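I opened this model to look up its fold, its pocket and a few individual residues. The entries below record each look-up in turn.

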Amino acid sequence: MLTVRLSEEMEKQLNELARKLKLNKSEVVKEAISLYIKQNSQSPYETGKDLFGCDNSEITDGSTKYKDNVRRKIHEKHSH
């Protein structure tokens with residue numbers, strides 16, 4: 001059992017959300033806590049994995065062949 005004190009404004013928002021979702025306040029709070037725990041218990045990799053490789057470049061091995069990629073870019077720049 002857990003008791004939580006909410007500000008009047010937060011309780012008003014909770015009531016409105018529960019009514020909108022057609023859930024009781026306890027269900028809304030449980031879902032919010034569950035989501036908070038899930039989001040804050042992920043590893044840094046899990047948290048950002050959907051962002052990795054999103055730079056729209058053709059380089060897929062940028063972290064392992066950094067020097068080779070820099071040399072290639074310099075060569076491409078000066079060979080034109």
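**Entry 1. Overall make-up.** I note at the outset that the model is predicted. I counted secondary structure and found four helices and zero strands. Read from the N terminus, the order of elements is α-α-α-α. I then looked up burial: of the 80 residues, 6% count as buried. The accessible surface of the protein comes to about 8000 Å², and carbon and sulfur atoms account for 54% of that surface.

**Entry 2. The largest pocket.** I looked up the largest pocket and recorded a volume of about 570 Å³. Its lining has 20 residues, and those closest to the pocket centre are L14, K25, V28, V29 and K30. Which elements give two or more residues to this lining? They are α1, residues 8-21, and α2, residues 25-40. I found that α2 gives the most, with nine residues.

**Entry 3. V29.** I selected V29, one of the residues closest to the centre of the largest pocket, and confirmed that V29 lies in helix α2. Is V29 buried, partly exposed or exposed? V29 counts as partly exposed because its relative accessibility is 34%, and the class runs between 20% and 50%. I also looked up the separation of V29 from L14, another of the residues closest to the pocket centre. The two are 15 residues apart in sequence, and their C-alpha atoms are 8.4 Å apart in space.

**Entry 4. K22.** I looked up K22 in the loop between α1 and α2. Its phi is positive, about 60 degrees, although K22 is not a glycine. For context, I note that most residues other than glycine have a negative phi. I then looked up the accessibility of K22: the relative accessible area is 75%, so K22 is exposed, the cut-off for that class being over 50%.

Definitions and conventions:
Residues are numbered from 1 along each chain as its sequence is written. This is a predicted model: local features need pLDDT of at least 70, side-chain atom pairs count only at pLDDT 80 or more; totals for chains, interfaces and linings use all residues. Side-chain values use heavy atoms; hydrogens and water are left out. On a 1 Å grid over the protein atoms alone, a cavity is a set of points where a 1.4 Å probe fits but cannot get out, and a pocket is an open set with protein on both sides within 12 Å along at least five of seven lines; lining residues have an atom within 4 Å of a point. Grid points are joined across faces, edges and corners, and a volume is the space filled by probe spheres set on the points. Buried means under 20% relative accessible area, exposed over 50%, partly exposed in between (1.4 Å probe, protein chains only). Accessible areas come from the Shrake-Rupley method with a 1.4 Å probe; for residues, only the protein chains shown count as cover.
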